[in-house]
Amino acid sequence: MPLPAPFDRLRLPVIASPLFIISGPELVIAQCKAGIVGSFPSLNARPSGVFDEWLHQITEELAAHNRDNPDRPAAPFAVNQIVHRSNNRLEEDLEVCAKWQVPMVITSLGAREDVNKAVHDWGGIVMHDVIDDRFARKAVEKGADGLIPVAAGAGGHAGTLSPFALMQEIREWFTGLVALSGSIACGRSVLAAQAMGADFGYIGSAWIATEEANAVPGYKDAIVAGSADDIVYSNLFTGVHGNYLRPSIAAAGLDPDNLPVSDPSAMNFGSGGNTEAKAWKDIWGSGQGIGAVKAVETVAQRVDRLEAEYNAARAELAAKAGLRLADLEPA
């Protein structure tokens, strides 16, 4: 579907996913200036008063960029809100989002009509992440504008379904915005997401290995050195199943191949579930697509690379089909 303003001015159909601890103003601003949607979790801004400061900084710097570059405006940004009852900052943070007219809110761990209405009242768009078709239907029933199907292989809290199955089921009934998540780390995968019916590729782990990311050097290096075989799926660390880097689990004194199962009722998204090691500080989240990440580089360099890969994949597809590139443009 045609993307609504201001999301129709993206350089690439990509949303950079909000990364707990990792995503801050520097990363988001760099992503938006490079032409993709940048995002961050509101809970990264601590204490709560810092959230207002971050939105002020992001809004002002992107506005200045747009004044100086009218022919190459920045992409809009998004804020992730955890709507689970454990988030006691939700109402306060929503008020701050309203103050700064946040263009997109990404909701996670529950769908709430009141939250969606609040975002709509200031003119924002709500994208809700889901792991199956049942949760997708509930999110749309409660007023979400778009969906983020989190397929197998995604970093952090991830589902187990194939992206092919998940996209097929959702597109049988849903015509709104969709950003597909799960092992997307190169331009060819962004094009594949579109071929499956998504409007955006939702990229997370690749941004950890960038200069602007708020990650320790060892984490960035582990992303560069890692591959799909280095990812472990477990609910031990937060009570919700997610994907984590094997070396970080081993460094915490745990056996990655013999992790106990945590009690899901004891969800703890900021510390460490039933272990002394803290997710995401000590136990590093990552998706299976990190084999595509070959070096730590700037966000601008990574987006350049994604764009080149995306355009090369489009040209290859057109050549195989005997088409011109213009024939692949959406109607």
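On one side of helix 2, the residues E53, R67 and D68 are exposed. The model described here is predicted.

**Helix 2**

- Helix 2 covers residues 49–68, which makes 20 residues.
- From its first C-alpha to its last, helix 2 reaches 30 Å, close to the 28 Å expected at 1.5 Å a residue.
- The buried residues of this helix are V50, F51, W54, L55, I58, L62 and H65.
- Seen down the axis of helix 2, these buried residues fall within an arc of 140°, so they line one face of the helix.
- The exposed residues E53, R67 and D68 are on the other side.

**Strand 5 and its two partners**

- Strand 5 runs from residue 125 to 130 and is mostly covered, with 5 of its 6 residues buried.
- Strand 4 (residues 104–108) runs parallel to strand 5, and 4 bridges join the two.
- Within this pairing, V105 stands opposite V126 of strand 5.
- Helix 4 (residues 113–121) belongs with strand 4 and strand 5 to a right-handed β-α-β unit.
- Strand 6 (residues 146–149) is also parallel to strand 5 and is joined to it by 4 bridges.
- Here M127 stands opposite G146 of strand 6.
- A right-handed β-α-β unit is also made by strand 5, helix 5 (residues 133–141) and strand 6.
- In a regular strand, the side chains alternate between the two faces of the sheet.

**Helix 5**

- D133, A136 and A139 are the buried residues of helix 5.
- They cover an arc of only 115° around the axis, which puts them on the same side of helix 5.
- The buried residues of helix 5 pack against helix 4, strand 5, strand 6 and helix 6 (163–171).

- An open sheet is formed by 3 strands in the order 7-11-10, with antiparallel pairing.
- Strand 7 (156–157) and strand 10 (231–234) stand at the edges with a single partner strand each, so one side of each is left without a neighbour in the sheet.
- Strand 7 pairs with strand 11 (residues 242–245) in the antiparallel sense, over 2 bridges.
- G156 stands opposite N243, a residue of strand 11.

**W284 in its loop**

- W284 lies in the loop that connects helix 9 (246–251) with helix 10 (299–321).
- W284 is buried, and its relative accessible area is 17%.
- That value counts as buried because the cut-off is under 20% relative accessible area.
- Leaving aside neighbours within four places in sequence, W284 is in contact with V216, G218, Y219, A222, Y244, L245 and S248.
- I223 is 61 residues away from W284 along the chain, and the C-alpha atoms of the two are separated by 9.6 Å.

**Cysteines**

- A search of the whole structure finds 0 disulfides.
- For C32, the closest cysteine sulfur is in C97, and the 14 Å from the sulfur of C32 is too far for a bond.
- The cut-off for a disulfide is a pair of cysteine sulfur atoms within 2.5 Å.
- C32 is buried, with a relative accessible area of 0%.

Definitions and conventions:
Residues are numbered from 1 along each chain as its sequence is written. This is a predicted model: local features need pLDDT of at least 70, side-chain atom pairs count only at pLDDT 80 or more; totals for chains, interfaces and linings use all residues. Side-chain values use heavy atoms; hydrogens and water are left out. Buried means under 20% relative accessible area, exposed over 50%, partly exposed in between (1.4 Å probe, protein chains only). Two strands pair if DSSP finds at least two bridges between them. A crossover is right-handed if, with the strands pointing away from the viewer, the path from the first strand over the helix to the second runs clockwise. The expected span of a helix is 1.5 Å times one less than its number of residues. The arc is that of the directions from the helix axis to the C-beta atoms. Contact means heavy atoms within 4.5 Å.
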